[in-house]
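Have the sequence and the model open, try each task, and then compare your steps with the solution.

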Amino acid sequence: IKLVNYVFQNPDNQLFSETVEEEVAFALKMLKYPSNIISQKVNEVLKTFGLEKYRKKAINELTKDVKALTSLASIDILEPKVLIVDEPTNGLDYSSSVRIMSILKELTLNGKSVIVISHNMKLIHRFCDRVIVIHNGQVLLQGMPNEVFKKISILRRISIKPPPIFEVAYELSEKLGIDSERIRLTLELIAKEGE
């Protein structure tokens with residue numbers, strides 16, 4: 001439990017307690033932690049995941065994004081060194097997805113290894129440091145996101161849609177005969193100036 005732990009794709013398959021606070025505290029209670037330690041750790045984790053105001057809220061009354069955060073918090077409280085998260089943004093709107101991915105990124109900055117299983121390549125590109133593409137049980141590609149996502153023809157062959165900027169750069173490269181990486185970097189600079 002302390003080394004590697006897993007967060008389900010569908011929070012409804014993971015959450016079973018009555019309230020958010022009970023759910024987050026459950027694992028520590030089962031491990032017979034002292035109540036003062038449980039209380040302290042629950043407070044810390046609720047704060048990390050922005051769940052303080054939902055503490056007493058019934059699980060069945062939560063929105064999908066708050067359920068996703070609760071399922072993450074209920075596993076993170078165990079302080080695993082490696083956290084495997086299956087499709088954490090599945091069915092969420094973009095702002096909720098960014099919120100969850102930002103929290104996961106923050107966990108990595110605090111020394112935790114987070115493995116995200118996802119089909120949302122735009123979020124993977126924005127938040128992940130390394131990408132591993134698995135196809136038919138084999139590692140097909142791996143490396144930094146920019147390195148992996150510029151291999152458009154391979155990704156298309158296995159029905160993975162890279163972030164739009166890579167596809168645009170690839171198409172322009174094919175038509176203009178210019179290096180797609182140069183085009184992508186130029187497009188990213190233009191986009192940043194427009195923000």
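**Exercise 1. The fold in outline**

Task: How many helices and strands does the protein chain have, and in what order do they come?

Solution. 
- Step 1: Bear in mind that this is a predicted model.
- Step 2: Count the elements: the secondary structure of the protein chain amounts to nine helices and five strands.
- Step 3: Walk along the sequence, and the pattern reads β-α-α-α-β-α-β-α-β-β-α-α-α-α.
- Step 4: For the overall dimensions, take the principal axes; the C-alpha atoms of the protein chain then fill a box of roughly 65 × 40 × 30 Å.

**Exercise 2. Helices α1 and α2**

Task: Work out at what angle α1 and α2 pack, and which residues meet.

Solution. 
- Step 1: Locate helix α1 at residues 20-30 and helix α2 at residues 35-48; their axes are 10 Å apart and the packing angle is about 130°.
- Step 2: Name the arrangement: that angle makes α1 oblique to α2.
- Step 3: For the handedness, α1 passes α2 in a right-handed crossing.
- Step 4: List the partners. From α1 come Val20, Glu21, Val24, Ala25, Leu28 and Lys29, and they meet Ile38, Lys41, Val42, Val45 and Leu46 of α2.
- Step 5: Sort this contact by class, which gives eight nonpolar, no polar and three charged residues.

**Exercise 3. Helices α1 and α3**

Task: Are α1 and α3 roughly parallel or roughly antiparallel to each other?

Solution. 
- Step 1: Start with the axes of α1 and α3, which come within 7 Å and cross at roughly 25°.
- Step 2: Apply the cut-off: angles under 35 degrees count as roughly parallel.
- Step 3: α1 and α3 are therefore roughly parallel to each other.
- Step 4: Check the handedness; α1 passes α3 in a right-handed crossing.
- Step 5: Pick out the residues: Val20, Glu23 and Val24 of α1 meet Thr70, Ala73 and Ser74 of α3.
- Step 6: By class, the residues in this contact are three nonpolar, two polar and one charged.

**Exercise 4. Helices α3 and α4**

Task: Which residues of α3 meet α4, and how do the two helices lie?

Solution. 
- Step 1: Find α3 at residues 64-76 and α4 at residues 94-109; they pack at an angle of about 15°, with axes 10 Å apart.
- Step 2: α3 and α4 are therefore roughly parallel to each other.
- Step 3: The crossing of α3 past α4 is right-handed.
- Step 4: On the α3 side, take Asp65, Ala68, Leu69, Leu72 and Asp76; on the α4 side, Ser96, Arg99, Ile100, Ile103, Leu104 and Leu107.
- Step 5: The classes here are seven nonpolar, one polar and three charged residues.

**Exercise 5. The largest pocket**

Task: What is the volume of the largest pocket, and which elements line it?

Solution. 
- Step 1: The volume is about 750 Å³.
- Step 2: Of its 28 lining residues, Val116, Ile117, Ser118, Ile124 and Ile132 are the closest to the centre.
- Step 3: At least two lining residues come from each of α4, β3 (113-117), α5 (121-127) and β4 (131-135).
- Step 4: Finish with the classes: 16 nonpolar, six polar and six charged residues.

Terms used: Residues numbered from 1 in each chain as written. Predicted model: local features only at pLDDT ≥ 70, side-chain atom pairs only at ≥ 80, totals over all residues. Heavy atoms only, no water. Axes fitted to C-alpha atoms, helices over the stretch in contact; angles between N-to-C directions. Helix = DSSP H or I, 4+ residues; strand = E, 2+ residues; numbered from the N terminus. Parallel < 35°, antiparallel > 145°, perpendicular 65-115°, else oblique. Left-handed = near helix turned anticlockwise from the far one by under 90°. Contact = heavy atoms within 4.5 Å. Nonpolar A, V, L, I, M, F, W, Y, C, P; charged D, E, K, R; others polar. 1 Å grid on protein atoms, 1.4 Å probe; cavity = no way out; pocket = protein on both sides within 12 Å on 5 of 7 lines; lining within 4 Å. Points joined across faces, edges and corners; volume = space filled by probe spheres on them.
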